[in-house]
Amino acid sequence: MASYETEHNINRAEQSETRPRRPDLSSFFSLLSQITPDRPEERAREHAVPVPGDVSAAFSSLAEAFQLIQRENEHADSDLLQNMIEALMGAAEHPPREVKGVDEEYIAALDRVNIKTIKKDADCPICGNTFVEDPHPLVVQLPCHSTHIFDLECIRPWLLLNGTCPLDRMDLAQRERDRKQKLLDDIKKNASPEDEAEEEWDGLYG
Ligand SMILES: [Zn+2]
Ligand SMILES: [Zn+2]
């Protein structure tokens, strides 16, 4: 039986030829979900650290994805990407005890950049593609600097794992943890003990 694609004359390969293909990150994200459970009840178990082998696998999986970008995309020849790959491979070899990246909530709240305001030749520091040539641009700006902008798809896996800006190495995840802690401290200072404020703000723990 003919598939939908052949019946409707859709050639997927042809459609994507204009732009280098992106690596499939599904195995990376499934590894990541094992080492950073996002269900609150699991998060509450502070001493449940992930297995080092799982952490290592997540780092090498992203390193491989970035290597694929480096190999298949002629624009992706930056020292930055090379450094990111080396950092990922280093972490795969000596996995950190805990993964200290940002959470999906943080990613979702990143400032979206209006493609009309971007210079024509501006490109993503990771994949090297110019933003304006992307048929479906989804560009985000990191809070560290107004010029630190990336394809969401390129920066998201890195931030979830590392939590740092690749350009200036600012630890955005740490900054976010500090911000939430300060919020909690302020609330505790202002709330009387019988208030149920603490319970309400539990959602802030990242
Ligand atoms: Zn990119
Ligand atoms: Zn930055």
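Tutor: In this predicted model, helix α5 (residues 52–72) packs against helix α6 (residues 79–93) at an angle of about 155°, and their axes lie 8 Å apart. Because angles over 145 degrees count as roughly antiparallel, α5 is described as roughly antiparallel to α6. The handedness of the α5 and α6 crossing is left-handed. On the α5 side the contact is made by S56, F59, S60, L62, A63, F66, Q67, I69 and Q70. On the α6 side the residues are L81, Q82, M84, I85, L88, M89, A91 and A92. Sorted by class, this contact of α5 with α6 holds twelve nonpolar residues, five polar ones and no charged ones.

A63 belongs to helix α5. Its relative accessibility is 2%, and because buried means under 20%, A63 counts as buried. Leaving aside residues up to four places away in sequence, A63 touches I85, L88 and M89. A63 and E86 are separated by 23 residues in sequence, while their C-alpha atoms are 7.8 Å apart in space.

The axes of helix α3 (residues 26–35) and α8 come within 11 Å and cross at roughly 20°. Because angles under 35 degrees count as roughly parallel, α3 is roughly parallel to α8. In this pair too the crossing is left-handed, as α3 passes α8. Here F28, F29, L32 and I35 of α3 meet R156, P157, L160 and L161 of α8. By class, the contact of α3 with α8 consists of seven nonpolar residues, no polar ones and one charged one.

Three strands form an open sheet in the order β1-β2-β3, and their pairing is antiparallel. The edges are held by β1 (111–112) and β3 (149–151), each of which has a single partner strand, so one side of each is left without a neighbour in the sheet. Strand β2 (residues 139–141) pairs with β3 in the antiparallel sense over three bridges. Within that pairing, V140 has F150 of β3 as its bridge partner. Helix α8 (residues 152–162) packs on the sheet and touches β1, β2 and β3, its direction making about 100° with that of β3.

Beyond α8 there is a loop to consider. R169 is placed in the loop between α8 and α9 (172–190). Most residues other than glycine have a negative phi. R169, although not a glycine, has a positive phi of about 60°. With a relative accessibility of 65%, R169 counts as exposed, because the cut-off for that class is over 50%.

The protein has ten helices and three strands, and from the N terminus on its elements run α-α-α-α-α-α-α-β-β-β-α-α-α. Of its 206 residues, 35% are buried, and A63 is one that counts as buried. Among the contacts with a separation of 6 or more, 64% join residues 24 or more positions apart.

Methods. Residues numbered from 1 in each chain as written. Chains lettered and ligands numbered in written order. Predicted model: local features only at pLDDT ≥ 70, side-chain atom pairs only at ≥ 80, totals over all residues. Heavy atoms only, no water. Axes fitted to C-alpha atoms, helices over the stretch in contact; angles between N-to-C directions. Helix = DSSP H or I, 4+ residues; strand = E, 2+ residues; numbered from the N terminus. Parallel < 35°, antiparallel > 145°, perpendicular 65-115°, else oblique. Left-handed = near helix turned anticlockwise from the far one by under 90°. Contact = heavy atoms within 4.5 Å. Nonpolar A, V, L, I, M, F, W, Y, C, P; charged D, E, K, R; others polar. Pairing = 2+ DSSP bridges. Buried < 20%, exposed > 50% of the residue type's maximum accessible area, 1.4 Å probe, protein only.
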